[in-house]
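Please look over the structure below before reading the notes.

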Amino acid sequence: MDIKEYMQGLGRQARAASRLVAAASTEAKNHALLAMAAAIRSRAPELTAANQRDLEEARANGLEPAMIDRLTLSAKGIEGMAQGLEQVAALPDPVGEITDMKRRPSGISVGKMRVPLGVIGIIYEARPNVTADAAALCLKSGNAAILRGGKEALHSNQAIAECVRAGLSAAGLPESCIQVVETTDRAAVGELIAMPEFVDVIVPRGGKGLIERISRDARVPVIKHLDGNCHVYVDEYADPAKALAIIENAKTQRYGTCNTTESLLVDVAIAAAQLPAIGHMLASKGVELRACPQALAILREAGIAEAQLKEATEADWKEEYLAPIIAVKVVDGLDAAIAHINAHSSGHTEAIVSENYTRAMRFLREVDSASVMINASTRFADGFEYGLGAEIGISTDKIHARGPVGLEGLTSQKWIVFGEGHIRR
């Protein structure tokens, strides 16, 4: 296969399809999404079989546990894909929405209309569910898409792509609206990010190395986040039971996701009282605690096994472990917690556990991350949980889209003017 020629062909088809999908009715798009969901449910055995092939190859190739976790498509995961498609179908169509209309002294009326971005290239690694999520969001927002999944999920992605094509066909939309790259050749990525004549924006989802490479080499705009060093801060006024439950969920529900908490900050005023119970809970789940000297002393005094304790280095405060490891630091109050987060966070998601409204609101205002939470697990930083139906990714950029990127994040606005023969004088 000539990779350049192949990718250019996909690009040409996507650009042509983008004109059609931008003009497609809401009814047609929703019909396609519901048909995709039905196809995923009816073809669940085929999806499971394809995923098992990927898992067998991944284990044989020594893929890391975090990647295996992301690659796995359980029955619940397959149903989740179908529900995600249905949720996106139920969302309002953003395309064509007119806002901010104002009448000017000249007599013209000026406002904005929401429009698709055009063609979106999405590059992702071992998460096959991204194929369905991306298809749903790109289609509903009126965009064409070129999806390039990781080689680890090749069989799963192609099986899901069949369901996507079936949905498009059922609605009378061209199958080229959503194209899934069929080659695992890494050169395809290089071509996809260097076709500004065909692709309007790139969304990378994967490890830090992949995203750094794409950000460096892309010739089209990139919506990205490099990593997810998320924090939970246990404030002086935290409810101990809430803190324990939130930390347990935020750290141990899943280790391999970007919204998993990697750093725990505990206020010095309550560290001696609350950190032992937190430490025992994390240790009981096999989590290694990399702690500052003050936290380490408290945890040792509490009887945490030495094998699960380690003194933190400066590098630990910025680390995304994607593993049963957490950095723990005792901080001298709210100001110190905010300063530590703003200095070391990746700008993804942070949470405060506190019953003090004033302090919690200060945390919301002053922490500079894409999602900031009060008394809730960082695991909620997710497009599905935010009511977006699904997400194309989570952006830690500050321009255009920030946080979980749903339908609005895949559109732009253009200025529109209404006149009645007005001329400028």
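The model is predicted. Its largest pocket holds about 1,300 Å³ of space, and its second largest pocket about 330 Å³.

**The largest pocket**

- The lining of the largest pocket consists of 46 residues, and those closest to the centre are Asn 129, Arg 254, Thr 257, Arg 379 and Asp 382.
- Sorted by class, this lining has 17 polar, 15 charged and 14 nonpolar residues.
- With six residues, α5 gives the most to the lining of the largest pocket.

**The second largest pocket**

- Here 13 residues form the lining, and Glu 125, Arg 148, Glu 152, Arg 186 and Leu 210 are the ones nearest the centre.
- The lining is made up of six charged, four nonpolar and three polar residues.
- Strand β3 (119-124) and helix α9 (208-217) each provide at least two lining residues.
- The most comes from α9, which gives three residues to the lining of the second largest pocket.

**Helix α10**

- At the N-terminal end, Asp 239 caps α10, with a side-chain oxygen 2.8 Å from the backbone nitrogen of Ala 241.
- The buried residues of α10 are Ala 243, Ile 246, Ile 247, Ala 250, Lys 251 and Thr 252.
- The cover over these buried residues includes the strands β7 (230-234), β8 (261-267), β11 (325-331) and β12 (349-353), together with helix α11 (271-284).

**Helix α6**

- The 12 residues of α6 should span 16 Å at 1.5 Å a residue, and the end C-alpha atoms are 17 Å apart, so the two values agree.
- Of the 12 residues of α6, 11 are buried, so the helix is mostly covered.
- Those buried residues are Val 130, Thr 131, Ala 132, Asp 133, Ala 134, Ala 135, Ala 136, Leu 137, Cys 138, Leu 139 and Lys 140.
- After α6 comes Gly 142, which has a positive phi near 80 degrees.

- Thr 260 sits in the loop between α10 and β8. With a relative accessible area of 0%, Thr 260 is buried, because buried means under 20%.
- Leaving aside neighbours within four places in sequence, Thr 260 is in contact with Gly 228, Cys 230, Ala 250, Lys 251, Arg 254, Tyr 255, Thr 378 and Arg 379.
- The side chain of Thr 260 also reaches the backbone oxygen of Arg 254, at 2.6 Å.
- Between Thr 260 and Ala 323 there are 9.5 Å in space, C-alpha to C-alpha, although the two are 63 residues apart in sequence.
- Ser 18 belongs to helix α1 (residues 3-23). The relative accessible area of Ser 18 is 5%, so this residue is buried.
- Not counting residues up to four places away in sequence, Ser 18 touches Gly 118, Val 119, Gly 142 and Ala 144. One of these, Gly 142, is the residue with positive phi that follows α6.
- Arg 127 lies in the loop between β3 and α6. At 18% relative accessible area, Arg 127 is buried, because the cut-off is under 20%.
- Apart from neighbours within four places in sequence, Arg 127 has contacts with Arg 70, Arg 205, Gly 256 and Thr 257. Thr 257 is also among the residues closest to the centre of the largest pocket.

**Two residues with positive phi**

- Leu 322 is not a glycine, yet its phi is positive, at about 55 degrees.
- The loop between β10 (309-311) and β11 contains Leu 322, and Leu 322 is partly exposed, with a relative accessible area of 23%.
- His 400 is not a glycine either, and its phi is positive, at about 75 degrees.
- His 400 is placed in the loop between β14 (394-395) and β15 (403-404). With a relative accessible area of 46%, His 400 is partly exposed, because that class runs between the limits of 20% and 50%.

How values were computed. Residues numbered from 1 in each chain as written. Predicted model: local features only at pLDDT ≥ 70, side-chain atom pairs only at ≥ 80, totals over all residues. Heavy atoms only, no water. Buried < 20%, exposed > 50% of the residue type's maximum accessible area, 1.4 Å probe, protein only. Helix = DSSP H or I, 4+ residues; strand = E, 2+ residues; numbered from the N terminus. Contact = heavy atoms within 4.5 Å. Polar contact = N/O pair within 3.5 Å; in protein donor to acceptor, adjacent residues only side chain to side chain. 1 Å grid on protein atoms, 1.4 Å probe; cavity = no way out; pocket = protein on both sides within 12 Å on 5 of 7 lines; lining within 4 Å. Points joined across faces, edges and corners; volume = space filled by probe spheres on them. Nonpolar A, V, L, I, M, F, W, Y, C, P; charged D, E, K, R; others polar. Expected span 1.5 Å × (residues − 1).
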